[in-house]
Structures are given as structure tokens and as C-alpha cells.
Amino acid sequence: MVRRVLVTGAAGMLGRAVTAEFGRRGEEVLSLSRRELDITDPAAVRSALWRLRPRVVVNCAACTDVDGAEVNHEQTYLVNGLGPKNLALACREVDAVLVHVSTDYIFDGEKGEPYGVYDPPNPLNVYGKSKLWGERAVAEAGGRHFIVRTSWLFGPGGRNFVETMLRIGRERSAARVVNDQRGCPTYTVDLARAIADLVESDRYGTYHVTNSGSTTWYEFAAVIFKLAGLEVELAPCSTAEFPRPAQRPLYSVLDPFPLKETIGYLLPPWADALERYLSERQKIT
């Protein structure tokens, strides 16, 4: 049976990938950008869901400017915290499944080994705190839901680390990149596939979904330059040497259990995903 799937934040990097994935599966996809549906407006959310009556809502709408969030507290909490609550309550009313996308930044990085889905969160920055607020609001609403935590996203249609490094590689002969933050790069195309498979499983709950393996930003950059054929003199630096407004966890690797036990597979290694992304990007350009 064809399902009607509503994607919020559909103009963003992940929203585009999710729209394409459900479309490939023959689902009826309704893709709404931020201008078309402001998830911070509870009346607009409720009206849209009653009018459209989706069976599944995938929330890709988010304020993702981690450093900007340190200044724009109110807007960040409205979008990342209250927005998911509005969606969750409306989904419960129309009996729709909600998929809410969250982040590794709800953890403080002190554990030193991969974080499980039930490890206690302790976000270090406003962005992480707002995303945790959204997670808890979705859970408290009491409807059928998936919370999908992911990290270090890259893919077509948005700003991301890969695109930044490619631009730097074209413009400069040298670069310094942080080498003491470790996480899991994730390709939006692979994440979208896993989200669709989770929806088909009907096994609601919290999941960690990233490409396999972990790396540092410096190591990630080195592979980007190598695969792209860019000659850049790359130097590692510490987080302390590259201060940013928002504090980042030094270790935010996510343990995928029980993802494989639920959908039957783990996502491919991040380097494989990066190679596929660069190959697809080359075809487009």
C-alpha cells in the first residue's frame, strides 16, 4: 500500500535525500520547505497535518548553525525544541508516525567510547541542548515515533564539511584542521535509506544511524583531498588552537546497536560513502 509521507525542512540537505528515497520507493511524498510549513507555529502544523493526513512525517527541519545557536538562543529552541513538539502532538492526533532527526551533540564526549542509545546525554552547547529538548518533547507526546541520531552530515544540496574542504583545496595550497574531535561522517543518501527502512520496520524508538567507522576532522579532510586529487599541505591542530563560539564534544562516536538487528544492515564505511558522493558530484558538475 502506498503511504503518504510528509517531509518537513524538505529544501535542506537531508530533506532532499529523504524526499528522493521515499519517492524511489513509490510512496506519495509531500515535501514542504520552511516557508511552506513553519514547524514553530502549532496552529499551522496542526492544520497542515489534518488537511494532508500523512501516514508518516519525517522532520528534517532544524537550526543547524552550531556556532550561531550560541547567539540565537530563542530561534534555535523554537525550531529544534518546540517545532518537534508541535509535530509530535499533531502526529498523535492524526495517528501518523513521526521520524525526528537528532544529533550526536547531545553527548559531552567524555565517555571515550561509542555512545549507546540509552547513555545519559549532557550537551555542551545550545544547539545540542535544543536538540535534546526536541527529543524529549517527541517522546513525551506519546505517539508512535522514531528518534534518529546522526552526525557529521554531508551530501548534495547544502553546506557541509566536504564542500568546505573542496573549496579550500581549490583556493589555497595549505590548511589547518582540528585533529582531536572524533565522530562519524554520514552521507545523507545512506541515512535517508536507513530512515525509510526503519519506518518499514514499525519498530519504534531511538536509533543511532551513521556511516560505519570513525575519524577526526583532520583525517576526514586528508581523505577528501586525496580522493578529489587536490594537493593541499594539511596540518593538524587542536580544538584549543581553533576556538569557536560553541564547545564541541571531543568524542561523539555513536554505537549503532540495535540498528542492524532492526533493519538488517549497518551503513557502509564513511570513506566508501565519501567516494560515492564525490563520484555523483562529479557527474553533476
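Trainee: Where is the place of Asp202?
Mentor: This is a predicted model, and in it Asp202 lies in the loop between α6 and β10, the latter being residues 205-208.

Trainee: What about phi of Asp202?
Mentor: Phi of Asp202 is near 60°, which is a positive value in a residue other than glycine.

Trainee: And is Asp202 buried, exposed or partly exposed?
Mentor: Asp202 has 47% relative accessibility, so it counts as partly exposed.

Trainee: Which loop holds Trp152, and what is its phi?
Mentor: Trp152 is in the loop between β5 (145-150) and β6, and here too a residue other than glycine has a positive phi, in this case near 50°.

Trainee: Buried or exposed, that Trp152?
Mentor: Trp152 has a relative accessible area of 9%, and because buried means under 20%, Trp152 counts as buried.

Trainee: Switching to helices, how does the span of α1 work out at 1.5 Å a residue?
Mentor: Helix α1 runs over residues 13-24 and has 12 residues, so at 1.5 Å a residue it should span 16 Å, and this agrees with its end C-alpha atoms, which are 17 Å apart.

Trainee: Which residues of α1 are buried?
Mentor: The buried residues of α1 are Met13, Leu14, Gly15, Ala17, Val18, Glu21 and Phe22.

Trainee: How do the axes of α1 and α6 cross?
Mentor: The two axes come within 8 Å and cross at roughly 55°, and therefore α1 and α6 are oblique to each other. The crossing is right-handed.

Trainee: Which residues of α1 and α6 meet there?
Mentor: From α1 there are Met13, Leu14, Ala17, Val18, Glu21 and Phe22, and they meet Thr188, Val189, Leu191, Ala192, Arg193, Ile195, Ala196 and Val199 in α6. Sorted by class, this contact has 11 nonpolar, 1 polar and 2 charged residues.

Trainee: What comes just after α1?
Mentor: Just after α1 you find Gly26, which takes a positive phi of about 85°.

Trainee: Now α3 and α4, are they parallel or oblique?
Mentor: The axes of helix α3 (residues 73-94) and α4 cross at roughly 15° and come within 8 Å. Angles under 35 degrees count as roughly parallel, and α3 and α4 are therefore roughly parallel to each other. Their crossing is right-handed.

Trainee: Which residues in α3 meet α4?
Mentor: Among them are Thr76, Tyr77, Asn80 and Gly81 in α3, which belong to a contact that includes Val126, Ser130, Trp133 and Ala137 in α4. By class, the whole contact of α3 with α4 has 11 nonpolar, 6 polar and 4 charged residues.

Trainee: Let me pick Ser130, where is it and what is it in contact with?
Mentor: Ser130 is in helix α4, residues 126-141. Leaving aside its neighbours within four places in sequence, Ser130 is in contact with Thr76, Tyr77, Asn80 and Gly81. With a relative accessible area of 0%, Ser130 is buried.

Trainee: And how do α5 and α7 cross?
Mentor: Helix α5 (residues 161-171) and helix α7 (residues 217-228) have axes that come within 10 Å and cross at roughly 60°, and they are therefore oblique to each other. The contact is made by Phe161, Val162, Met165, Leu166 and Gly169 of α5, together with Trp217, Phe220, Ala221, Ile224, Phe225 and Ala228 of α7. By class, that contact has 10 nonpolar, 1 polar and no charged residues.

Trainee: Last topic, prolines: which peptide bond is cis?
Mentor: The bond from Phe257 to Pro258 is cis, with omega near 10°. Pro258 is in the loop between β12 (233-237) and α8 (259-263), and Pro249 is also found in the loop between β12 and α8.

Trainee: What is Pro249 in contact with?
Mentor: Leaving aside neighbours within four places in sequence, Pro249 is in contact with Tyr105, Phe107, Asp108, Gly109, Leu124 and Gln181. Pro249 is buried, with a relative accessible area of 2%. Pro249 and Asp104 are 145 residues apart in sequence, while their C-alpha atoms are 8.8 Å apart in space.

How values were computed. Residues are numbered from 1 along each chain as its sequence is written. This is a predicted model: local features need pLDDT of at least 70, side-chain atom pairs count only at pLDDT 80 or more; totals for chains, interfaces and linings use all residues. Side-chain values use heavy atoms; hydrogens and water are left out. Axes are lines fitted to C-alpha atoms, for helices over the stretch in contact, and angles run from 0 to 180 degrees between N-to-C directions. Helices (H or I, at least four residues) and strands (E, at least two) are DSSP runs, numbered from the N terminus. Angles under 35 degrees count as roughly parallel, over 145 as roughly antiparallel, 65 to 115 as roughly perpendicular and the rest as oblique. Contact means heavy atoms within 4.5 Å. Ala, Val, Leu, Ile, Met, Phe, Trp, Tyr, Cys and Pro count as nonpolar, Asp, Glu, Lys and Arg as charged, and the others, Gly among them, as polar. The expected span of a helix is 1.5 Å times one less than its number of residues. Buried means under 20% relative accessible area, exposed over 50%, partly exposed in between (1.4 Å probe, protein chains only). A crossing is left-handed if the near helix is turned anticlockwise from the far one by less than a right angle, and right-handed if clockwise.
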